[in-house]
Amino acid sequence: MLTLRYLSLLILVVCWMGVTQVTSLKPPNPKHGDFDPHGELERTFVAARINELTDEHDVNPWEVSGLFEGDMLWDPHLSRNGILNVTGRWTNGTVPYYIEEGNFTNEEKMVILSAFSEYHNKTCLQFRPYRTGDEHWLVFRSNNAGCWSSVGMQSEGQVVNLHSPGCVKHGVVVHEVLHALGFFHQQSASDRDEYVRILWENIDPGHEHNFNKYNESNESVVTGYGVEYDYGSVMHYSGKAFSKNDLPTMEPLKPNITTLGQRKGLSVKDVIKLERMYEGRCVQRTSDVSEEDENTFIDEINSLYGLLNGSLFP
């Protein structure tokens with residue numbers, strides 16, 4: 001569901017532009033994530049578990065998606081919180097995207113676009129529709145179970161899967177996109193034991209690996225970008241993630257911390273890390289995101305508003 005802030009933003013956009021129908025250019029099949037990572041029984045379980053979650057549940061949809069650390073398509077030995085390898089960062093801070101036709105309702109497409117708008121408003125990153133000649137791009141699909149993404153920019157296209165309807169929520173989209181931009185889960189940071197205690201006795205047997213901590217030896221590959229541990233990151237597990245008994249699996253060690261993680265959107269520290277990761281890339285951007293690209297993004301929002309016929313903004 002869209003937050004008031006981003007509803008207001010989109011209302012301003014559509015009021016300014018009028019109604020235009022937009023047809024996005026379809027890219028080739030992506031090289032990464034163009035498959036179902038679940039077996040049949042697991043797929044059914046994951047889909048049912050995600051669909052039963054509501055905003056009142058502590059558990060996040062990405063924690064029950066059945067992949068490495070819940071929602072990541074990635075080799076686990078290369079992870080902490082933010083990737084250092086420049087080949088995993090999006091060229092010029094620009095992210096081409098395509099929303100698969102027939103996978104999402106118009107309301108759900110609007111949720112995805114509003115997540116892009118948060119990145120536009122808070123960071124130097126820019127999202128634009130895929131165009132011929134792009135070497136890297138995101139494809140948003142809902143045809144597999146779970147909320148999941150590769151970590152960092154992958155060559156020749158990569159899937160961000162958002163199982164409908166459970167994963168198509170603003171904070172969930174922001175979380176999965178942040179994986180695609182190059183970020184891992186916060187509680188896996190090498191210094192996490194200074195900030196949280198893992199309650200191993202409450203973790204569902206067989207899921208202990210989801211609380212692995214990455215060694216300091218990985219600092220040449222990944223980094224926290226000099227930002228202190230963030231209890232409020234959209235990349236932090238909830239306090240009851242992978243619980244076998246509905247009791248906490250993590251507890252904060254610092255005083256006055258009442259909640260671990262959230263699914264509202266980027267935290268202040270998430271934004272700082274992103275800006276530090278991409279500051280060198282964004283300054284290289286000249287004409288990669290043209291006025292035409294920006295207008296196409298606006299037109300996509302505008303077109304959806306027209307198709308919804310005002311139902312999103314009663």
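How many aromatic pairs does a search of the whole structure find? The search finds 13 aromatic pairs, where rings of Phe, Tyr and Trp (its six-membered ring) pair if their centres lie within 6.5 Å.

This is a predicted model, in which local features need pLDDT of at least 70, side-chain atom pairs count only at pLDDT 80 or more, and totals for chains, interfaces and linings use all residues. Residues are numbered from 1 along each chain as its sequence is written, and side-chain values use heavy atoms, with hydrogens and water left out.

**The chain as a whole**

The protein chain contains six helices and 10 strands; these are DSSP runs, numbered from the N terminus, with helices (H or I) of at least four residues and strands (E) of at least two. Of its 314 residues, 56% count as buried. Buried means under 20% relative accessible area, exposed over 50%, and partly exposed in between (1.4 Å probe, protein chains only). Contact means heavy atoms within 4.5 Å. Among contacts between residues at least 6 apart in sequence, 80% join residues at least 24 apart.

**Aromatic rings**

One of the ring pairs is formed by Y119 and F127, whose centres are 5.6 Å apart and whose planes meet at 50°, so the pair is tilted. Planes under 30 degrees apart count as stacked, over 60 as edge-to-face and the rest as tilted. Both Y119 and F127 are buried. Ring pairs also link Y97, F116, Y119, F127 and F140 into a cluster.

**The surroundings of T123**

T123 is found in the loop between α3 (106-122) and β4 (126-129). T123 is buried, with a relative accessible area of 8%. Polar atoms of its side chain lie at the distances below from two backbone atoms. Each is a polar contact, a pair of N or O atoms within 3.5 Å; within protein, one must be able to donate a hydrogen and the other to accept it, and residues adjacent in sequence count only if both atoms are side-chain atoms.

| Backbone atom | Distance to a polar side-chain atom of T123 |
|---|---|
| Oxygen of Y119 | 2.8 Å |
| Nitrogen of L125 | 3.1 Å |

Leaving aside neighbours within four places in sequence, T123 is in contact with L266, V271, L274 and E275.

**Helix α4**

Helix α4 (residues 170-181) has 12 residues. Because 12 of the 12 residues of α4 are buried, the helix is largely enclosed by the rest of the structure. The buried residues include H170, E176 and L181. G182 follows α4 and has a positive phi, near 125°.

Notes
Expected span 1.5 Å × (residues − 1).
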